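Please examine the sequence and the structure shown below before reading on.

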Amino acid sequence: MPEPETPKPPLTDLARELPASVPFVGPETLERRSGTPFTARLGANESVFGPAPTAIEAMARAAASGWKYGDPENHDLKAALAARLNVPATALTIGEGIDALLGYTVRLFAGQGDSVLTSDGAYPTFLYHVTGFGGQIHKIPYKDDREDLTGLAGAAQRLKPKLVYLANPDNPMGSWWPAADVQALIDALPAGTLLCLDEAYGEFAPEGTLPPLDPDDPRVIRFRTFSKAYGMAGLRIGYTIAHPQIAAAYNKVRLHFGVNRVAQAGALAALAAGDHLKSVLERTAAARTRIGAIAADHGLNALPSATNFVAIDGGRNDTFAKSLLEALGRRGIFVRMPGPAPLNRCIRITVGTEADLNRLAEAFGPALTEAAQDPPAVS
Ligand SMILES: *Cc1c(COP(=O)(O)O)cnc(C)c1O
């Protein structure tokens, strides 16, 4: 048999060099590996409270029209968002979640060899796209478990990156900065640098966290999503608010039929379901408190959070946090943990239903005991 040949045409130089990594290993993958389903899915920052009942009805109706492509202009949703946010519809771009919109943004602004700046341990999908388009990555460490805004501003002035990425509130730590500090970062950016301000958790944040929307300001793109507070992660729909010239540029690269009809209908109905959102925010806050109490019962500290998850400080190192995560996993509880030190002394637990958190409470003590007995990894 002849040796299998390399594919023709060969991969591009860039594609050949790409790491074969994925930013997230899904809970389904982990379940297939272990052969056991999780009993509490508390690792992906999904909203266990689900979409609003009226959104579910709207989506069920839309499913029957699923033979039609969605409206490529997302006209109705844009109109509703424009009215809600008091911005012109021309400032809005609807996309297949923030993850896709980040990809379009990188494609528009950061080509091969161009510098971008983020924090070491920040939400990884931005860098996944930058790597894919051959950009040059610079990272600033977190400071006191928050993204270091002064550090980012200083590095931006030095490096003059095309893009700076900041999630506020932050994933994976749950921390947040007041609007004034974010605005100071925007004001400190050199000319020619654009801030990607990821507000996936904006709805959960205390008043005064989100800077006022200003689509006349070409220095910042705001990213929002229906995945978190609106409970529609699997539907894949989010949006950006940006200068109309940036919104027009997205039309050159976005998938025009990427957002499906079911998601469009669901998002439109979700926006109108204010009571559901309010109840999700209340139940989320209560569940955060409960997760903090479960940790405190075992002598561990929960970090303050403005999101739908809580980072629990394991009080030791990454080896211990990983052992704890795995011990919880063996007890059916899916959680995740941050990547780099010193953030990786923590585990990150997404808000769950009461039943989920009862399971967590039951599993936490035994999992901690087991993690404490794990032999330390040989380095
Ligand atoms: C969950 C999350 C996203 C993903 O948003 P989608 O709209 O589902 O793609 C983006 N950014 C941050 C910080 C997140 O935590």
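Lys 160 counts as exposed, at 54% relative accessibility; exposed means over 50% relative accessible area, buried under 20%, and partly exposed in between, with a 1.4 Å probe and protein chains only. Its phi is near 45 degrees, a positive value in a residue other than glycine. Lys 160 belongs to the loop between helix 7 (149–159) and strand 5.

Asn 74 is not a glycine either, yet it has a positive phi of about 50 degrees. Asn 74 is buried, with a relative accessible area of 4%. It lies in the loop between helix 3 (53–64) and helix 4 (75–85). Helices (H or I, at least four residues) and strands (E, at least two) are DSSP runs numbered from the N terminus.

## Basis of the model

The model is predicted: local features need pLDDT of at least 70, side-chain atom pairs count only at pLDDT 80 or more, and totals for chains, interfaces and linings use all residues. Residues are numbered from 1 along each chain as its sequence is written, and side-chain values use heavy atoms, with hydrogens and water left out.

## Cis peptide bonds

The peptide bond from Asn 168 to Pro 169 is cis, with omega near -5 degrees. Pro 169 is found in the loop that runs between strand 5 (163–167) and helix 8 (179–188).

A cis peptide bond also joins Ala 341 and Pro 342, where omega is about -5 degrees. The loop between strand 11 (333–334) and strand 12 (346–350) holds Pro 342.

## Overall form

The chain contains 13 helices and 12 strands. Its radius of gyration is 21 Å, close to the 21 Å that the globule rule gives for 379 residues, so the chain is as compact as a globular protein of that length. The radius is taken over C-alpha atoms, and the rule is 2.2 Å times the number of residues to the power 0.38. Along its principal axes, the C-alpha trace spans about 60 × 55 × 50 Å.

Of the 379 residues, 51% are buried. Among contacts (heavy atoms within 4.5 Å) with a separation of 6 or more, 74% are between residues 24 or more positions apart.

## Surface

The accessible surface of the chain comes to about 17700 Å², and carbon and sulfur atoms account for 56% of that area. Accessible areas come from the Shrake-Rupley method with a 1.4 Å probe; for residues, only the protein chains shown count as cover.
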